[in-house]
Amino acid sequence: MEIFSTDPDRPGIFAVGQVATGVFALGQMATGVIAIGQVARGVIAIGQGAVGFVAIGQGAVGVLYAGGMMAVGGRGFGGVLKVLPKVRVSKHVRPKLPPLSELASFEEQKRGWVLARVRHGQLEIEGAPAPIELSPEATQQLGAAVESGHNYACVTVEVDERVRDARAGAYREAVDRDRVVIGKRLSSWFEGQPRVHLEGPLIGPGGLVLRAFGLCALVAAWWLFAGQDIVAMFK
């Protein structure tokens, strides 16, 4: 392979001409790893008509990415038919929390915040022998946390003193009281490894199979219209 070529039958690292074939090709009809021309075929192709793994043009076919007035590609911009779904990666960082307390400390204090795990639809708090009582608001927030797949929560708790046995006719006597810890409200989040989400239509099993066929069709089209010539260029 020559360093610089203007002969369409002799590929070069840099190729320029009406018909250009090279690693970097610039011409009316350009074929190369990076091709720029009115008709461009390559791995990265830019032209009025472009075919590549990444293709940008008035009409473009890109296996992974395409952009143009009329285009088909894995993803892309403009008037593009997108074969691949949008992929979003969620990074999970613990939010800034208020000063947390241990559940045992609520023997002395009336209100505070505790850290809880959300597991099997319930709150698990260290030092609590059983799930604590929740207000209607906290119960609703816990349901939303479970539905969202959250596994941690910061719970606002208060201590309520309740009469254990109010005996009729003995209202002048001292009565026994129980201290009950109640979760008033909570904020939840997911903490763990980043999670990958697929967004858009056709992301169910059947839709993904259909998208896979579409991606295979794009690869086949690239090989037919560009790939064979690019591979032959290096032989």
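Is Trp222 buried or exposed? At 11% relative accessibility, Trp222 is buried; the term covers anything under 20% relative accessible area, exposed means over 50%, and partly exposed lies in between (1.4 Å probe, protein chains only). This is a predicted model, in which local features need pLDDT of at least 70, side-chain atom pairs count only at pLDDT 80 or more, and totals for chains, interfaces and linings use all residues. Residues are numbered from 1 along each chain as its sequence is written, and side-chain values use heavy atoms, without hydrogens and water.

**View 1. Phe14 and Phe24, a stacked pair.** The whole structure holds four aromatic pairs. The ring centres of Phe14 and Phe24 are 5.3 Å apart and their planes meet at 15 degrees, so they count as stacked. Rings of Phe, Tyr and Trp (its six-membered ring) pair if their centres lie within 6.5 Å; planes under 30 degrees apart are stacked, over 60 edge-to-face, and the rest tilted. Phe14 is partly exposed at 42% relative accessibility. Phe24 is partly exposed too, at 37%.

**View 2. Phe53 and Trp222, an edge-to-face pair.** Here the ring centres are 4.8 Å apart and the planes stand at 75 degrees. The pair links distant parts of the chain, 169 residues apart. Phe53 belongs to strand β2 (residues 12–56), Trp222 to helix α2 (residues 205–233). Helices (H or I, at least four residues) and strands (E, at least two) are DSSP runs, numbered from the N terminus. Phe53 is partly exposed, at 25% relative accessibility.

**View 3. Asn151 in a loop.** Asn151 sits between α1 (136–148) and β8 (152–163). Its relative accessible area is 14%, so Asn151 is buried. A polar atom of the Asn151 side chain lies 2.8 Å from the backbone nitrogen of Glu191.

**View 4. Arg94 over the face of Tyr152.** Arg94 lies 5.3 Å from the ring centre of Tyr152. A charge sits over a ring if NZ of Lys or CZ of Arg is within 6 Å of the ring centre and within 35 degrees of the ring normal.

**View 5. Cys154 and Cys216.** Cys154 is buried, at 4% relative accessibility. Cys216 is exposed, at 53%. The structure has zero disulfides, a disulfide being a pair of cysteine sulfur atoms within 2.5 Å.

Note on methods. A polar contact is a pair of N or O atoms within 3.5 Å; within protein, one must be able to donate a hydrogen and the other to accept it, and residues adjacent in sequence count only if both atoms are side-chain atoms.
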